[in-house]
Amino acid sequence: MDVSVEQSFSLLTAQLVDYRVEFSKWWVAEFKTIKFPSQGAVFDFYIDPETKKFEPWPKLIPQFEFDPEMPLQACLVPTTETVRVRYFMDRLLERRRPVMLVGNAGTGKSVLVGDKLSSLDTDAYVVKKVPFNYYTTSAMLQGMLEKPLEKKAGRNYGPSGTKKLVYFIDDLNMPEVDAYGTVQLHTLIWQHLDYGHWYDRTKLSLKEITNVQYVSCMNPTAGSFTISLRLQRHFCVFALSIPGQDALSRIYSTILTQHLTSGNFSGAVQKSAQQLIALALGLHLKVAATFLPTAIKFHYIFNLRDFSNIFQVNVGFTAGLCTPQGLLFSTPECLQHPQDLVKLYLHESNRVYRDKMVEEKDYGTFDKIQLETVEKLYEDIEEALEQTKRMNVYCHFAKGVGEPSYRPVPTWEELNKILVEALDSYNEVNAAMSLVLFEDAMCHV
């Protein structure tokens, strides 16, 4: 059946009809001889190869251990959705079938594929990542594909020894579409998938490429949106939807709870983790629903990457000041009470959401939504909210540039003193910068 990526993805994104439910009803009615569990849809179960019985996917979810040294964007917290896709990926890759994951930004496509590929036996597999962008050409692609290959007998080429090569093509639909509606890179890939070869661009001789397979990801809301069905027909396509609130709550509460537990935070702070996740999810959903992109405010897009940045984001280095931010950089010294965790969250949400705003009206609307969400979930929080109105800035240099520790800055005067000292130190060895450190500027260093 010829179904485009856009059509298959729409099965998940349609707002009026849940096509998964409709498909499940059709499947159960069509295959009446199969005794399917009465509760749940066909997507909720797998067949245990040993017992030959239907089992729920959550049975396969492994225990997650958060690694504080690993960037949050590279962490994969197992959920029903990720376990389900990983189950089929394992079996398809074993049989050397091309796999494609389709989904919006922030659904974890690249992380899921990266986690699978990193688990492969390095003695049996070689992985070559091939990222696409608008300016990638077919010549550049062929150069990247041929780099890990070596010449075998005759005109045959393949990975070294008896290893298998996996090409991971990210953002498959990003390259430029030419005047004839085709993408040259896609043509090269489907030529190889169809015939098992491509041509040497200099000698114009045939190159048989063996022992390789493809895994790809694409975002159907970016780039050319779709790809040629001649290429797509080779892939087994899985659509990844935005995780539901239950899944998001489980993912981020697991991460935050493990951070607070491993950091020996107070019991009261640890118990408030779930409440803070509810606050973060509630505010994120309201912001995403209230501030919609327009022709002028085209950057008003709030997805899971923004939500993740509240927990961990590395901004960079400025004038000797290390500026990573997020809840996961907190220490027991700066979070002694649950109210301190709320104040830190308010700072992070301002940096992630409020800093995207471009109008005073939007600032006021965001502040109102933020205040209402906090007051709805927390009692006796008025004093902490009053403190945040006067000063609520967290940074890694609150005690000075030489003492990195993520904590609040007590006063504007102290923050100004630290930044002036850092600026003077920078100007001694670089071209002088004459900066006016007003409050808004100091907030965003």
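In which helix is Glu 375 found? Glu 375 belongs to helix α13 (residues 360-377).

1. Basis. The model is predicted, so local features need pLDDT of at least 70 and side-chain atom pairs count only at pLDDT 80 or more, while totals for chains, interfaces and linings use all residues. Residues are numbered from 1 along each chain as its sequence is written, and side-chain values use heavy atoms, with hydrogens and water left out.

2. Overall architecture. The protein has 16 helices and 15 strands; these are DSSP runs numbered from the N terminus (helices: H or I, at least four residues; strands: E, at least two). Of its 445 residues, 43% count as buried (under 20% relative accessible area; exposed is over 50%, partly exposed in between; 1.4 Å probe, protein chains only).

3. Aromatic pairs. The structure holds 24 aromatic pairs, that is, rings of Phe, Tyr and Trp (its six-membered ring) with centres within 6.5 Å; planes under 30 degrees apart count as stacked, over 60 as edge-to-face and the rest as tilted. For Tyr 46 and Tyr 87, the ring centres are 5.8 Å apart and the planes stand at 55°, so this pair is tilted. Tyr 46 lies in strand β1 (residues 45-47) and Tyr 87 in helix α3 (residues 80-94), so the pair ties together parts 41 residues apart in sequence. Tyr 46 is buried at 7% relative accessible area, and Tyr 87 is buried at 16%.

4. Aromatic cluster. One aromatic cluster is formed by Phe 23, Trp 26, Trp 27, Phe 31, Phe 36, Phe 43, Phe 45 and Phe 54.

5. Accessibility of Glu 375. The relative accessible area of Glu 375 is 41%, so this residue is partly exposed.
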